[in-house]
Structures are given as C-alpha cells and as structure tokens.
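Dear colleague,

I am handing over the structure below, and I would be grateful if you could read the notes that follow with the coordinates open beside them.

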Amino acid sequence: MKGFEYLQDELDQLRKKGTFRDLVEIESDQGARVMIEGREVIQLSSNNYLGLTTHPRLKAAALQAVEKFGAGTGSVRTIVGTFSMHQELEKRLAEFKHTEAALVFQSGFTANVGVLSSLLDERDVVISDALNHASIIDGIRLTKAARRIYQHSDMADLEKALQETGSYRKRLIVTDGVFSMDGDVARLPEIVELAEQYDALVMVDDAHASGVFGRNGRGTVDHFDLNGRVHIQVGTLSKAIGVLGGYVASTQAVRDYLIHRARPFLFSTSHPPAVTAACHAAIDVLLDEPELIDKLWANTRFFKNGLQQLGFNTGHSESPITPVIVGEAALAMKFSDHLLQAGVMGTGIGFPTVAENAARVRTIVTAAHSTEDLQTALDVFASVGKSLQII
Ligand SMILES: *Cc1c(COP(=O)(O)O)cnc(C)c1O
C-alpha cells in the first residue's frame, strides 16, 4: 500500500546506523533459560525478578480463575467489569503497601498516565526527575499543570525547583524509585525531607522496586522507612509480580477521584480473571517465600561483582539492573548480537532511551538463575567482551 514511503527513509537511516531491531521471539516460557531461534539461551533481559511468571501457585490460580470466571470480563471497571476479585486485590495491595486504599490499572504505564493526567490542573505544577520513565513523561504531557524537570537525582536542583514554584496551589514531585536504565535508586529520604520543608506532594513509581526492595518486596518507600510520608505510590504487577497491571496506592480520596477521572481506568476494559487471580497468588508468594528475594539479591551481588572483576563499566547501579556500558549504540547492538550467538540474551540499548555516548547491554538477573547459569553468562561476557575489545 502506498503512503508510508516517508517512514521507510527513517527506517533506512536506523538500518544504516546499525540500530534497527527486529522483535526477539521467545519460543518457551519466560524462565532463567529461554528458547530463541530454536536454541536455549540464558535470559538476562526480562523483568521477571523473582521468577514468578512460571511459579506453580500463579499458574494454578490463573487456571482456576479461567474455569470459574471465564476468559474475560466484558466491560470496563466503571460499568460492569468490576468483579469481587478486583476489589479484593486492591484491598490486599493497600494492606501490603500500608496505605488507605489502592486502585489497579491495566498496566503500570496506564497507572502513571491516569494519575498524572487527572490529579492536577492549571493551578498546579509537576516537578519531575529528568530520567523518569516514559509513562511518567507521557502522563505529564497530558496534564494541564505546569511542569519543571530537575537534573537526575540532583537535590540542589530539586530544591531550586521548589523555591521557584511557590506560587502554585499544589506541587507534585515525581520520581522513579529505581531508575530503569541505570539501576540506581532515588534519593527518597532527601526528596521527602525537601517535600515536607516546602509543603509539596511526593509520588514514587516503584515499578522496578516492587518485589525487589523493602520488606517482602514492598518497594523503596518501605525500604527507606518512609511509610506514611509518600503521598502516591505507583507499582507494577508486570515485573517482579510476574503478571500484568499497575496500581496506585494512596488515600481513599485519591482512589475515589481516579475512579471518576482517570481516563485509562474509565475507558479501557478490566483485567481478565486469570490476571487478577495470578496477582493475588503473587502477593501470597511475596509474603510466604521471602527467600526468593534473598536469592535475587545474592544472584545480583554475584553477577555484578563478576562483571566488575572482568573490567566492564557497570555504572552506578544499586539494584538487580546492571548496565554494561560500552559507548556507541552500534557497538552495544553488536555486543548484544554476539552474546546471543554465544547463548546469552542481553538487550542492547542506545539513544534515545539512554544518552548518545552511553549505549549499553542491560542485564537483569533473577531469583530463578542458578549460580551455574550466571557463571556461564560471565564466561560468555568475558569472551565476547574481549573479542570486541570492550575489555
Ligand atoms: C516498566 C515501567 C512502567 C510500566 O509498567 P508496565 O506495567 O509494564 O506498564 C512504569 N514505570 C516504570 C518506572 C517502569 O520501569
């Protein structure tokens, strides 16, 4: 069909730069090892931190829910798509996060867009970290509020932003809890101190911290003992929780308001029973099997130390996300391709997702990896890294 030739030019440019990517097909379940192009490879690119995508309790819960409640819900939440299990999951999430109430969205992305686009108006301002997730950026694009970006984790710049925005009705500071490309953690205790000093609100997006940081994986707010001092916590059910969805944990007033005003919640169908039931089971697992989180962190230490000892630049990660920074985007893509040929899946990431000269292969270990998996992966990183003269 004619009409999209103008797109082809841009795609050709990407190909020339070596940054055009085909979608990777997984031919198995999402485990520590997966099948790609008919070969078993070690998976170091999923967000399946605790291995819950394949946990027997989640699978059993999903199957049972399908048998009893069917494959879909047939409606949005606000018409007839709210099943008892949806409400129960929200009660459990609120309890788990030590908040008054919680509301589940179809994804973490829509949770951020729903909250940021609806809670503020032209009398308000959003103050956002420069490296926040795309869904926060898009949510901010949809708000009528003013916006102010502060330099990544720069508390002096955040304070300056607070000083310059005193005339607004409400000021909302927004930050990722764990930053998804570098794996560093927000300086939440300082952010909360500043917010209290300047009477601002705080919103933390704990997508990469849910199930990873805090007691039983409650997130960075719990990790820093800031329960009750952060106004809005966004979490995802799609990463460590192993299923799909996002949620907002906050006050009853915020929940009630979002039900009436958050457009992704209002105008998009609710989660199928299998998803909701599996999320319930995942919370049970977080409470009953904290050893999975211990294993995740033991694996993280082992793998991060291994990469550093080999001489790779792993940036300043403080989480299971470990970037292996190589510089040029084309080199990162080549590095990733060679790793895959040698049996390790590590995604290459370049501009515009990260800065132009900071392209990388991003790795995430999980609790499901054995020490042998990780040692094999380190050996592959060593040989490919040497052959490409990265180390
Ligand atoms: C992954 C991610 C999201 C989106 O979550 P989904 O549930 O996958 O839509 C939102 N915020 C951050 C910081 C993320 O890393």
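How far from an oxygen atom of the ligand does a polar side-chain atom of K239 lie? The distance is 2.6 Å, which falls under the heading of a polar contact (a pair of N or O atoms within 3.5 Å; within protein, one must be able to donate a hydrogen and the other to accept it, and residues adjacent in sequence count only if both atoms are side-chain atoms).

Before going further, please note that this is a predicted model, in which local features need pLDDT of at least 70 and side-chain atom pairs count only at pLDDT 80 or more, while totals for chains, interfaces and linings use all residues. Residues are numbered from 1 along each chain as its sequence is written, and side-chain values use heavy atoms, with hydrogens and water left out.

To stay with the ligand, there are 14 residues around it, of which G108, D205, T236, S238 and K239 come nearest; a residue counts as near if one of its heavy atoms lies within 4 Å of the molecule. A polar side-chain atom of H208 is 3.1 Å from an oxygen atom of the ligand, and for F109 a backbone N or O atom lies 2.9 Å from a ligand oxygen atom.

The chain is divided into domain 1 (18-47 + 290-387) and domain 2 (56-288), with bounds that come from an automatic or database domain assignment. Their contact (heavy atoms within 4.5 Å) takes 19 residues from domain 1 and 20 residues from domain 2. The centres of the two domains, taken over C-alpha atoms, are 27 Å apart. Between them they bury about 1,500 Å², 60% of it on carbon and sulfur atoms, where buried area is the accessible area (1.4 Å probe) that two parts lose on being put together, summed over both.

Across this interface there is one salt bridge, a term that requires a side-chain nitrogen of Lys or Arg within 4 Å of a carboxyl oxygen of Asp or Glu; the side chains of R360 and D182 meet in a salt bridge at 2.9 Å, N to O. Eight residue pairs, both members at pLDDT 80 or more, are in polar contact between the domains. On the side of domain 1 that touches domain 2, the elements giving two or more residues are α12 (291-309), β10 (321-327) and β13 (359-364), where helices (H or I, at least four residues) and strands (E, at least two) are DSSP runs, numbered from the N terminus. The largest share, five residues, comes from α12.

The structure holds 21 salt bridges, including one between the side chains of D373 and R33 (2.6 Å, N to O). D373 lies in helix α14 (residues 371-387) and R33 in strand β1 (residues 33-36), so this pair ties together parts that are 340 residues apart in sequence.

Two backbone details remain. A cis peptide bond, with omega about 10 degrees, joins F351 and P352, and P352 lies in the loop between β12 (347-349) and β13.  E37, in the loop between β1 and β2 (39-43), has a phi near 50 degrees, a positive value in a residue other than glycine.

With best wishes
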